[in-house]
Amino acid sequence: MNTRRGFTLIELLVAISLATIITLLGVSLMRTSINSSVGNEEALKQSQAVRDTQRLIEYAWSGRQSNGFDAGKTQLEFISSQTATGSFPLRFVCQSGEHNDFALWFYQVSPPGERTDGPAPAGEMLLAGLSLCKFGWLQAPPDDKAVAVWREEWPADRVPPAVMRLDLATSRGPLPPLIFSASGA
Amino acid sequence: MNPQDLSAGYRSPIRIHGRAARGFTVIETLVALTLLAAGAGFLLATLGASSRLVRDVRENETALWLARSRLVEAAAYPDRPPPEDDRPDRYEGVDYRTRIEYREISPVPNIEVDKLAPALRLIEVRVLVNWGTPPSQIHLTTYRKAVQEASPASTPRP
């Protein structure tokens, strides 16, 4: 008499399908966790780059001089007493890239004599992969009652603003604005 | 190795040398399953806590960044209400609400200071940022010299 008895086919099938479901759940959980960790790492890198940019602009802008200021929606040029470039301006430009995105570039503009001869001034890319990169200017209140107003344009003949902002967004969405204040007039 | 040695330590489901095969009892299976479930539960809880911690850190950083920007904005002209900004403060699916408080600080009565700077007035500018559920809050504070000169009539001296 043979009393050895294995699993029936049905039992085996049920067991295998249960095991498969559990494995799939585990794999999807793992994948979610890996994705979120990769996303976190990217966000961390991005926020580090933004922090570096913030420090650089804050430092330069805090010593903004009243002369040599030239600004548009996507670019900014000014002379700063905080840097070693003397009376030659620093330039921050939001350049559009290949994939319908923007990058923030930083240039130290060469003196006029050197500008024509050599290659274009070497720039440094501060931030990449931006979906929005825009400067804004805070217009001082004209009288005692008024409130300061954010402007998108700044006329060349007006006294340069003390406070400016940089609005940024990435593919993950908008970032809080960076706002800088100049102590010099 | 003798198969008898192998079967000595555990109960084989297979009939060996006339001994009846025996499986696990229900209790044994339940205990094993419970242990497994507890282990999986701890693992999941740890994963969840870790991802929540990362999210908290990122929200905190965003809030701090926002607060710093708003502080610079509000402290630029401390005698006025803060400039209006029509962009909503919604970042990565979280709404941040900003409140700005101005408070005039009366300087500590000090004869030397009073003589040197009779019109010295300080304005405390404080930015409070609230976000999330459960609600979180941070605040940053700075001080600015009041831009307007204090007129003797409006601010009686102590």
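Which residue is the bridge partner of B:Trp131 in strand 4 of chain B? In this predicted model, the partner is B:Ser136, and the legends below place that pair in its surroundings.

Residues are numbered from 1 along each chain as its sequence is written, while chains are lettered from A and ligands numbered from 1 in the order in which they are written.

**View 1. The hairpin of strands 3 and 4 in chain B.** Strand 3 (residues 122-131) and strand 4 (residues 136-145) of chain B run antiparallel and are paired over 10 bridges; strands here are DSSP runs of E with at least two residues, helices are runs of H or I with at least four residues, and both are numbered from the N terminus. Two strands are said to pair if DSSP finds at least two bridges between them. Four residues lie between the two strands of this hairpin, and in the turn B:Gly132 has a positive phi of about 75°.

**View 2. The open sheet of chain B and the helix lying across it.** Four strands of chain B form an open sheet in the order 1-2-3-4, with antiparallel pairing. Strand 1 (90-91) and strand 4 are the edge strands, each pairing on one side only. Within the sheet, strand 2 (residues 94-105) is joined to strand 3 of chain B by 10 bridges in the antiparallel sense, and B:Tyr102 has B:Val125 in strand 3 as its bridge partner. In a regular strand the side chains alternate between the two faces of the sheet. Helix 2 of chain B lies across strand 1, strand 2, strand 3 and strand 4 of chain B, and runs at about 150° to strand 3; axes are lines fitted to C-alpha atoms, for helices over the stretch in contact, and angles run from 0 to 180 degrees between N-to-C directions. Chain B as a whole has three helices and four strands, which follow the pattern α-α-β-β-α-β-β along the sequence.

**View 3. Helix 1 of chain A against helix 2 of chain B.** The axes of helix 1 (residues 9-62) of chain A and helix 2 (residues 26-76) of chain B come within 12 Å and cross at roughly 20°. The two helices are therefore roughly parallel to each other, a description that applies to angles under 35 degrees, whereas those over 145 count as roughly antiparallel, 65 to 115 as roughly perpendicular and the rest as oblique. The contact is made by A:Ser33, A:Ser36, A:Asn40, A:Ala43 and A:Ser47 on helix 1 of chain A, and by B:Leu47, B:Ser51, B:Val54, B:Arg58 and B:Glu61 on helix 2 of chain B; two residues are in contact if their C-beta atoms, placed from the backbone, lie within 7 Å. By class, three of these residues are nonpolar, five polar and two charged, where Ala, Val, Leu, Ile, Met, Phe, Trp, Tyr, Cys and Pro count as nonpolar, Asp, Glu, Lys and Arg as charged, and the others, Gly among them, as polar.

**View 4. The hairpin of strands 3 and 4 in chain A.** Strand 3 (residues 90-96) of chain A is joined to strand 4 (residues 102-108) of chain A by seven bridges, and the two run antiparallel. A:Val93 stands opposite A:Trp105 in strand 4. Five residues lie between these strands, and A:Asn100 in the turn has a positive phi of about 60°. Strand 2 (residues 75-78) of chain A also runs antiparallel to strand 3, with four bridges joining them, and A:Glu77 stands opposite A:Arg91.

**View 5. Strand 7 of chain A and its partners.** Six of the eight residues of strand 7 (residues 163-170) of chain A are buried, so this strand is largely enclosed by the rest of the structure; a residue is buried if 20 or more other C-beta atoms lie within 10 Å of its own, exposed if 12 or fewer, and partly exposed in between, with C-beta atoms placed from the backbone. Strand 5 (residues 123-139) of chain A runs antiparallel to strand 7 and is joined to it by eight bridges, with A:Met164 as the bridge partner of A:Trp137. Strand 9 (residues 178-181) of chain A pairs with strand 7 over four bridges in the antiparallel sense, and A:Leu166 stands opposite A:Leu178.

Conventions
This is a predicted model: local features need pLDDT of at least 70, side-chain atom pairs count only at pLDDT 80 or more; totals for chains, interfaces and linings use all residues.
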